[in-house]
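Please follow this explanation with the sequence and the three-dimensional structure side by side. It moves through the chain by topic, and each paragraph takes up one kind of feature.

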Amino acid sequence: MDCRSLIVGSDLNIPSWPPVIPHLNDALRDCIDSGDWGRYDSISKRVLTERLIDLFSVKHVQLCCSGTAAIELALRAGGVTAGDLVAVSAFDYPGNFRTIELLGAKPMLVDAANENFGMSVSSLQSALHAVEPRSVRAVIVSHLYGTASDVHAIKSICNKSQCVLIEDACQSPGMWIDAQPAGSFGDLSTLSFGGSKPLTAGNGGAVMTSEDRFASRISSLIHRPSDTYAMNAIGASLLLPQLDQLKQWNERRYRTAIQIAEALKQNSSTVRCMIEKIKEVQPAYYKLAFQCESTEFRNRLVHSGIELGLPFGEPFRAMSGSSERRSAKPVSLAQADRYANTLCVLDHRALLISEEQSNELASIIVRAIERAKLC
Ligand SMILES: *Cc1c(COP(=O)(O)O)cnc(C)c1O
């Protein structure tokens, strides 16, 4: 087979992102007509805060300007100061590493898990044993690419070691783990409403906690006396109709992901579609990851997918290459490197494709893999 023959066009209709839903126009008009857009204390932000408290089953939600700012606030409220170690996976949003450094603290790199894209529980345990007791003030654990981190085990390690657990749910709003929302396990947790995220306002975020002492620290960091990390009322108003859709969107993304995984299996593909397998988890896909055999093949697959019109890309880079001066590296980071070097990721907007076209999407992904082998 000639690789050119694999490029023939399709009329795949991959939805755009940010989403186009009619209710956005109504929400925006209401925000303008009511004057809400021009107030410090807007109704849209108050309503969004209440809705998030409800959805995440937490006591306090503080909106802020980004997911990165939410991580910063969580670290500071958690008592992280200069000289502390903060455990973070070497395969995570690189901004989390940078934010730890910003506070004068030092990232302690932990390996990624084999069974999900979050932190490895055994690696965290080994890393904590390898450093001075009590030197690690906080642990950041993120739910990445639609899979759930093992928050139960990590939480119990944090309790034993007296570390503050910061749960990063920036990619996974609406994910449930054992009938409990992801984002409700950490002492503090974070959300992002950045432009690529499953709930988007272009910019924005939130820091959440059920502990009054953390909430009052966040409040004293933010209110001086106006909100120094403020999210905009217009952004908040545009998130409300998206929240109404969230469950349905997550279900659609989940079903498409399963279909893609099955299509790859049927074709005995060497590329594995990394869907969440634990039945107690209701996943929320931000990107869907594909495990390739080599970096070279991954790079070809990304290229081939893009040529066929798929929103393919590379995952986060691993932080394992950072110097000893910048980070503590007490354990092997092999799995983190493997993910960074061999995953190809598909953007979540593709997973929102209509039910009628989801088979076609799956077969184009199979074709992209065939093409990457030939071309
Ligand atoms: C995007 C992201 C962030 C940061 O969010 P921003 O709003 O872009 O600052 C933090 N953590 C994870 C896991 C993310 O994917």
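Arg-300 counts as partly exposed, since its relative accessibility is 27%. The side chain of this arginine meets that of Glu-296 in a salt bridge, with 2.8 Å from N to O. The model examined here is a predicted one, and it holds 16 salt bridges.

The side chains of Lys-247 and Glu-251 form a salt bridge with 3.1 Å from N to O. Why are Lys-247 and Glu-251 separated by about one helical turn? The reason is that these two residues are four residues apart in helix α8. Lys-247 has a relative accessible area of 58%, and therefore is classed as exposed. For Glu-251 the value is 33%, so this residue is partly exposed.

A further salt bridge links Arg-39 with Asp-36, and the closest N and O atoms of this pair are 3.8 Å apart. Are the two partners buried or exposed, or do they fall in between? Arg-39 is partly exposed, because its relative accessible area is 43%. Asp-36 is buried, because its relative accessible area is 3% and the limit for a buried residue is under 20%.

The next topic is the surface. Leu-28, Ile-32 and Trp-37 together make a nonpolar surface patch of about 290 Å². Of these residues, Trp-37 is placed in the loop between α1 (23-33) and α2 (43-56).

From the surface, the reader may turn to the open spaces of the model. Rolling a probe the size of a water molecule over the atoms shows where empty space is left. The largest pocket contains about 330 Å³ of space. Which residues lie nearest the centre of the largest pocket? They are Tyr-40, Asp-41, Ser-42, Lys-45 and Asp-227, out of 18 lining residues. Sorted by class, the lining consists of seven nonpolar, six polar and five charged residues. Helix α2 and strand β1 (60-64) each contribute at least two residues to this lining.

The backbone also deserves attention. Pro-18 is situated in the segment before α1. The other runs from Arg-224 to Pro-225 and is likewise cis, with omega near -15 degrees. Pro-225 is part of the loop between α7 (212-222) and α8 (233-266).

Another backbone angle, phi, draws the eye to two further residues. Arg-134 is not a glycine, yet its phi is positive, at about 70 degrees. This arginine sits in the loop between α5 (121-130) and β4 (136-142). Its relative accessibility is 66%, and so Arg-134 counts as exposed. Ser-268 is also not a glycine and has a positive phi, here of about 45 degrees. The loop that holds Ser-268 runs between α8 and β10 (272-273). Is Ser-268 buried or exposed? It is exposed, because its relative accessible area is 61% and the limit for an exposed residue is over 50%.

Ala-138 belongs to strand β4. Its relative accessible area is 1%, and therefore Ala-138 is buried. How far apart are the C-alpha atoms of Ala-138 and Ala-87? They are separated by 6.3 Å, while the two residues are 51 residues apart along the chain. Leu-102 is found in helix α4, which comprises residues 94-102. With a relative accessibility of 58%, this leucine counts as exposed. The C-alpha atom of Leu-102 is separated by 8.6 Å from that of Glu-72, and along the chain the two residues are 30 residues apart.

Conventions:
Residues numbered from 1 in each chain as written. Predicted model: local features only at pLDDT ≥ 70, side-chain atom pairs only at ≥ 80, totals over all residues. Heavy atoms only, no water. Patch = residues over 30% accessible without salt bridge, like charges linked within 9 Å, V, L, I, M, F, W, Y side chains within 5 Å. Areas by Shrake-Rupley, 256 points an atom, 1.4 Å probe, with all protein chains shown as cover. Salt bridge = Lys/Arg side-chain N within 4 Å of Asp/Glu carboxyl O. 1 Å grid on protein atoms, 1.4 Å probe; cavity = no way out; pocket = protein on both sides within 12 Å on 5 of 7 lines; lining within 4 Å. Points joined across faces, edges and corners; volume = space filled by probe spheres on them. Nonpolar A, V, L, I, M, F, W, Y, C, P; charged D, E, K, R; others polar. Buried < 20%, exposed > 50% of the residue type's maximum accessible area, 1.4 Å probe, protein only.
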